[in-house]
Amino acid sequence: MAIVYERGSRLTAEYESIKGLLDGLGPSSLATTREAARARFDAVGLPNAKDEEFKYISFKDLAEGRFGLPYGAILDRHQVAEHPIGKLDAITVAFINGQYAPELCSDHILPDGAFVGSLEDGFLSHGDAILANLGKLATLEGRLGSTNDERFVDLNTAFLGEGAFVYVPRGEALERPIHILWLGEANHGPFAVHPRSLVVLEAGATAKVIESFIGRKGAYFTNSVAELKLGAGANLEHVKFQDETSESTHVANIAYDQEADSVLTSVNVNLGGKLVRNDVNVWLNGEHTETWLNGVNLAQGEQTIDNHTRIDHAKPNCNSFEVYKSILGGHASGVFNGKIFVYEDAQKTDAKQTNQAVLLSPTATFNTKPQLEIFADDVKCTHGATVGRLQDDALFYLRSRGIPSKDAQALLVYAFAAEVLEKLSVAEVRSALEGMLFERLAAAEE
């Protein structure tokens, strides 16, 4: 029997107590936006097995738990650098339990008109650019599909306050990568935090943005929203890395909006968390765009990692290429649902989707569902999905050459994941993620 949660939610119970504080962040118009979002979320509450978009995962922990307001924690640069991804040589914007942490941010010199910092500071110099995009990208309103669900975006928007903002003016290229670092440490009981990021690249701009979610201790709920706008001819590489604690719930909504001739490379890497859900949505809003969606997931123990991707080909002559791979051991479970919509006017669309999963144990499970909805007739669209185990003959070949079983499996798993990791152009990031993948696999086998 499916669990049906009550409407409304304990997750918005603290809203009234901090409404005054939230209203002091940003322009007064955001207060109305927050109120409307809260009402929409309370009207539907948390999803359950009857909701088609969430049928393979359970939010029982969120429904039954009590998640308070986020609270402060003290971390220094040394503690952050203990994590491989915390050592990056990058323009860094850091948050601890959702609160801006300038002491962990880096000093940097930017081109005239560019901005990397907090939303609150961004409103002082780039208010018009923020208001033109904030809340306008993470929406499925008016798009194809009968099960479009924005409830977690609404929950995030209800608590919209502190966040990260990146702005690159027309024609500018940021040489150094940008690192948006979200740190979680639950020292005084569970809390809910709602990170918000906005990245705006004007026409012809170029940037590389790494967004990391790192958990250090305890049980908490992260509900993040990232909105990323690519102007005409812009080029963005966006890496979203998640390594939350083994007790945490992580829900992320990532919305990309691409104008004509823009190029997007998205890499989504998940290693941590107890329950993880990613919704990655791409709106192709101009001709001759190029989109690369890539993901790699490692789930072990009792972890669940659920990835839903969606690409809306709304304009003609656009190309999208998607590769998501999952590695599951123990009693872990994985989900992939990939949707491609080709609109009536989107002739000459070329869309390719590949989803593959490797099961390292007989008790791991994976559900995959590729979907194509095509309303144009001059298109090339393909999808493929495979679920299986490491090939015995490949393992035997490596073992016969003196490679221990653990190392042989790690080599094959790396080869499986390499197609995604090779998309990372920042060598430091690629090396750190490769090292963590090997380390987690080795630890699981001991």
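How many nonpolar, polar and charged residues does the lining of the largest pocket have, by class? There are 13 nonpolar, six polar and two charged residues in this lining. In this classification Ala, Val, Leu, Ile, Met, Phe, Trp, Tyr, Cys and Pro count as nonpolar, Asp, Glu, Lys and Arg as charged, and the others, Gly among them, as polar.

The structure is a predicted model, in which local features need pLDDT of at least 70, side-chain atom pairs count only at pLDDT 80 or more, and totals for chains, interfaces and linings use all residues. Residues are numbered from 1 along each chain as its sequence is written, and side-chain values use heavy atoms, with hydrogens and water left out.

**Pockets and cavities**

On a 1 Å grid over the protein atoms alone, a cavity is a set of points where a 1.4 Å probe fits but cannot get out, whereas a pocket is an open set with protein on both sides within 12 Å along at least five of seven lines; lining residues have an atom within 4 Å of a point. Grid points are joined across faces, edges and corners, and a volume is the space filled by probe spheres set on the points.

| Largest pocket | About 440 Å³ | Ile18, Leu22, Pro70, Phe159 and Glu162 |

Helices (H or I, at least four residues) and strands (E, at least two) are DSSP runs, numbered from the N terminus. Helix 1 (15-23) and strand 6 (192-193) each supply at least two residues of the lining of the largest pocket; the largest share, three residues, comes from helix 1.

In the second largest pocket, helix 2 (29-44) and helix 6 each contribute at least two lining residues. The lining there comprises three nonpolar, four polar and six charged residues.

The whole structure holds six cavities of 30 Å³ or more. At least two lining residues of the largest cavity come from each of helix 6 (151-158), strand 11 (249-258), strand 13 (275-284), strand 15 (304-313) and strand 17 (333-342). Five nonpolar, seven polar and eight charged residues make up that lining.

Two strands pair if DSSP finds at least two bridges between them. An open sheet of 10 strands has the order 2-1-5-8-10-12-14-16-18-20, with mixed pairing. Its edge strands, strand 2 (99-100) and strand 20 (379-388), each pair on one side only.

Within this order, strand 12 (residues 263-270) is largely enclosed by the rest of the structure, because seven of its eight residues are buried (under 20% relative accessible area; exposed is over 50%, partly exposed in between; 1.4 Å probe, protein chains only). Strand 12 pairs with strand 10 (residues 235-243) in the parallel sense over eight bridges, and Val267 is the bridge partner of Val239. Strand 12 also runs parallel to strand 14 (residues 290-299), joined by eight bridges, with Val263 opposite Glu290.

**Arg196**

Arg196 lies in strand 7 (residues 196-201) and is buried, with a relative accessible area of 1%. The side chain of Arg196 makes a polar contact with the side chain of Asn156 (2.8 Å). Such a contact is a pair of N or O atoms within 3.5 Å; within protein, one must be able to donate a hydrogen and the other to accept it, and residues adjacent in sequence count only if both atoms are side-chain atoms. The C-alpha atoms of Arg196 and Thr222 are separated by 11 Å, the two residues being 26 residues apart along the chain.
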